[in-house]
Amino acid sequence: MPEPFVKTTSRVIPIPRANIDTDQLCPARFLKITDKAGLADALFFDWRFTPDGKRREPVSFIDEPHNAGRQILLVGDNFGSGSSREHAPWALRAWGIRAIVSTSFADIFKGNALKNALLPIVVSAERHATLQALVAANPDGEWTVDLDALKVALPDGTSFGFEIDPFARTMILAGTDEIGYVLAKLPAIDAWEATHAARIETRAGTATAR
Amino acid sequence: MADRPRTLVEKIWDAHFVASDPGAPAILAIDLHLVHEVTSPQAFTGLRERGLKVRRPGQTVATADHSIPTTDPSVPMVDQLAIKQLAQIEENCREFGIPFHGKGSATRGIVHVIGPELGLTQPGMTIVCGDSHTATHGAFGALAFGIGTSEIEMVLATQTLLQRRPKTFKVEVTGRLQPGVGAKDIILALIARIGVGGGTGHVFEFTGDAIRALSMEERMTVCNMSIEGGARAGLIAPDETTFAYLKGRAFAPQGAAWDEAVARWRTLPTDDGATYDRTIVIDGDTLEPMVTYGTNPGMGIGVGGRIPSPAEVEPGVRQDLERALTYMGLEPGASIAGQKLDVVFIGSCTNGRIEDLRAAASILRGHQVADGLRVLVVPGSQQVKKQAESEGLDQVFRSAGAEWRESGCSMCIAMNGDQLEPGQYGISTSNRNFEGRQGKGGRSFLASPLTAAASAITGVVTDPRTIAASNAAVEAN
């Protein structure tokens with residue numbers, strides 16, 4: 001069960017690259033796990049390690065000591081494009097990331113992120129440029145992402161508001177998960193099913209249940 | 001509300017709306033849940049931890065496709081993680097009562113190939129799977145989309161999902177495709193035009209004469225890559241082509257139920273006067289065979305084109321293009337045709353169906369693959385494999401020097417040992433050319449089965465129309 005999340009204060013890792021896809025976030029060969037363990041190492045694996053598995057020299061920016069413990073990413077457009085693998089937000093969370101600021105996110109990634117209390121924060125292209133300049137000028141400045149106030153406070157004393165799906169926000173603030181919410185609605189589902197016959201019976205006919 | 005003209009997507013949405021609280025997403029009923037070994041184990045673990053059962057095992061079906069080897073099935077597997085994952089899906093299906101089309105089953109295959117071929121995929125359904133290429137099933141006029149593992153657990157537990165109503169994006173493909181141009185070229189051209197994030201927040205509906213003229217398998221190729229254009233789903237309204245494909249399939253309705261179903265399916269197409277949030281028109285007459293040159297599926301050009309130069313693109317995308325060309329090791333301004341290859345991969349949920357194999361075989365028949373080139377032909381399912389063998393296509397591939405393998409996702413996702421080696425160039429009929437997607441350090445060109453097969457003969461990226469013309473000339477003599 002997730003823990004409630006309200007706000008966090010952290011330095012920022014900028015990745016000035018658009019269309020960072022799920023194969024970068026968590027390469028497919030790490031999808032053979034049957035639990036959620038060990039994914040912190042899988043994050044951006046091929047950026048960090050050579051094809052024969054050695055840490056790159058010099059190390060990738062992800063592995064630079066000053067980036068350890070940072071919880072906020074500032075990334076380019078269309079972050080998380082590609083597959084539906086929830087291993088991508090699992091890997092980001094396992095590494096320590098709590099919020100990602102971009103001009104846009106891929107739909108499936110965004111949904112998966114919210115279910116793991118990882119905040120996809122969408123800003124305008126103008127704001128994004130301002131934020132990139134701010135991080136360039138003050139790479140160690142701390143930002144505070146406040147989900148309750150829907151506000152990001154910046155080290156220069158300014159702040160900006162953001163939007164997040166209000167339902168997801170409620171769930172994350174409370175540390176509740178959506179399955180519990182829907183299980184409480186089972187009477188409505190029972191009633192709907194009573195008037196809508198199933199369109200398929202996968203166990204019928206030639207199904208070869210083995 | 002019933003009188004307001006509605007789109008196909010709105011009709012399916014309305015028919016599956018269960019309930020919603022103010023401000024909360026809708027609870028949407030799910031007709032069919034497809035499950036595979038890679039994204040489901042943690043969802044079953046979640047069910048066990050909560051003490052829950054699968055609510056509707058008869059609306060759920062599972063297979064093994066991603067991590068399964070495509071080599072001789074009598075040779076024991078060595079990948080311990082894959083062995084464990086495959087054992088787990090089998091155990092999960094047994095414990096929760098889910099039909100499993102697993103190793104050794106004649107109906108096993110890529111989840112998006114077996115759903116349609118078994119007739120499980122039907123018009124008007126809501127279909128989900130923990131795989132972004134679930135969009136494939138939209139070819140039947142179903143609202144079908146990929147979900148994450150948390151959502152898999154939700155559907156297993158409740159047979160519903162929490163969803164916000166998607167926006168609609170009409171993609172009209174006019175005219176008639178030229179010989180040598182196919183479904184894959186339509187979708188690659190669309191993505192090149194709108195970009196990989198172009199459809200974000202939307203669901204595509206593909207319309208127009210060029211779409212209507214496509215077979216069901218070609219329509220699946222188009223819808224399959226909707227996600228590469230950023231749209232979670234892509235639909236094509238059902239028509240006579242759809243009904244003819246479905247009739248008689250194992251899980252399709254039969255007898256009176258068939259007539260009733262067809263009557264219901266005929267009410268699904270978008271009403272005259274219904275509006276879409278966005279619209280784009282693609283001229284089908286002028287499309288060329290498409291090939292990607294970069295590291296996302298939007299980086300595509302006609303096979304007669306030149307690789308763009310960072311100097312000639314907008315500053316906002318220059319850095320990404322430079323990075324992509326560096327990874328790919330390609331010269332800006334060079335022709336895409338003639339780029340050298342190490343591997344050809346024909347298969348995947350995009351292009352691993354029987355018509356794709358027939359198309360590839362029509363090019364390769366009577367030819368040899370180029371010296372030093374590795375060519376893998378991987379059928380999308382065991383049924384596709386059997387059909388291909390009954391038509392002698394396996395012999396065409398084998399005698400050309402290609403490998404003929406068991407079905408599965410194979411080199412599309414490179415989880416099962418089928419992969420590019422670092423630095424190798426592959427032309428692939430699959431859907432993603434991301435860095436490392438087809439193997440660490442591997443470099444992918446995405447293209448149609450015709451283009452991939454033509455390139456297998458020459459060993460370089462090749463316009464299939466040149467080979468098709470020479471094949472025709474040989475036959476004429």
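# Briefing on a predicted two-chain model

In chain A, the strands E1-E6-E7-E8, taken in that order, make up an open sheet of four strands with antiparallel pairing. The edges of this sheet are formed by strand E1 (7–10) and strand E8 (159–161) of chain A, each of which pairs on one side only.

**The antiparallel sheet of chain A**

- Neighbouring strands of the E1-E6-E7-E8 sheet of chain A are turned against each other by 15° on average, when direction is ignored.
- Four bridges link E1(A) to strand E6 (residues 143–146) of chain A, and the two strands pair in the antiparallel sense.
- Within this sheet, A:Lys7 has A:Asp146 of E6(A) as its bridge partner.

**Chain A as a whole**

- Chain A contains nine helices and eight strands, and its C-alpha atoms fill a box of roughly 65 × 45 × 30 Å along the principal axes.
- Of the 210 residues in chain A, 41% count as buried.
- Among the contacts of chain A with a separation of 6 or more, 65% are accounted for by residues 24 or more positions apart.

**Helix H7 of chain A**

- Helix H7 (residues 166–174) of chain A has A:Ala168, A:Met171 and A:Ile172 as buried residues; because they cover an arc of only 95° around the axis, they lie on the same side of H7(A).
- A:Pro166 and A:Ala174, on the other side of H7(A), are exposed.
- The partners against which the buried residues of H7(A) pack are helix H5 (107–114) and helix H8 (178–183) of chain A.
- Just after H7(A) comes A:Gly175, which takes a positive phi of about 70°.

**Backbone features in the loops of chain A**

- Most residues other than glycine have a negative phi, and most peptide bonds are trans.
- A:Glu57 and A:Pro58 are joined by a cis peptide bond, with omega of about -10°, and A:Pro58 is found in the loop between helix H3 (45–48) and strand E3 (72–75) of chain A.
- A:Asn78 is not a glycine, yet it has a positive phi of about 60°; this residue lies in the loop between E3 and helix H4 (87–95) of chain A.
- With 25 other C-beta atoms within 10 Å, A:Asn78 is buried.
- A:Leu150, also not a glycine, has a positive phi of about 50° and sits in the loop between E6 and strand E7 (151–153) of chain A.
- A:Leu150 counts as partly exposed, because there are 15 C-beta neighbours inside 10 Å.

**The parallel sheet of chain B**

- An open sheet of five strands in chain B has the order E17-E16-E15-E18-E19, and its pairing is parallel.
- Strand E17 (403–404) and strand E19 (443–446) of chain B stand at the edges with a single partner strand each, so one side of each is left without a neighbour in the sheet.
- Strand E16 (residues 374–377) of chain B runs parallel to E17(B) and is joined to it by two bridges, with B:Leu376 standing opposite B:Glu403 in E17(B).
- Helix H16 (residues 449–458) of chain B packs on this sheet, where it touches strand E15 (343–346), E16 and strand E18 (425–428) of chain B, and its direction makes about 150° with that of E15(B).

**Nonpolar cores**

- In soluble globular proteins, nonpolar side chains tend to be buried together.
- The largest nonpolar core has 155 residues, and those with the most contacts inside it are B:Ile186, B:Val344, B:Ala360, B:Leu364, B:Val377 and B:Ala456.
- Helix H6 (residues 183–194) of chain B gives the largest share of this core, eight residues.
- Not counting residues up to four places away in sequence, B:Leu364 touches B:Val396, B:Phe397, B:Ala400, B:Ala453, B:Ala456 and B:Ile457.
- Another core, of 42 residues, lies apart from the largest one, and A:Phe45, A:Leu74, A:Trp90 and A:Val101 are among its members.

**The contact between chains A and B**

- Chain B brings 70 residues to the contact and chain A brings 55 residues.
- Among the elements that give two or more residues to the side of chain B that touches chain A are helix H2 (41–50), helix H3 (80–96) and helix H5 (149–158) of chain B, and the largest share of that side, six residues, comes from H5(B).
- The residues on the side of chain B that touches chain A divide into 29 nonpolar, 30 polar and 11 charged.

Note on methods
Residues are numbered from 1 along each chain as its sequence is written. Chains are lettered from A and ligands numbered from 1 in the order in which they are written. This is a predicted model: local features need pLDDT of at least 70, side-chain atom pairs count only at pLDDT 80 or more; totals for chains, interfaces and linings use all residues. Two residues are in contact if their C-beta atoms, placed from the backbone, lie within 7 Å. Ala, Val, Leu, Ile, Met, Phe, Trp, Tyr, Cys and Pro count as nonpolar, Asp, Glu, Lys and Arg as charged, and the others, Gly among them, as polar. Two strands pair if DSSP finds at least two bridges between them. Axes are lines fitted to C-alpha atoms, for helices over the stretch in contact, and angles run from 0 to 180 degrees between N-to-C directions. A residue is buried if 20 or more other C-beta atoms lie within 10 Å of its own, exposed if 12 or fewer, and partly exposed in between; C-beta atoms are placed from the backbone. The arc is that of the directions from the helix axis to the C-beta atoms. A nonpolar core is a set of buried Ala, Val, Leu, Ile, Met, Phe, Trp, Tyr and Cys residues joined through C-beta atoms within 7 Å.
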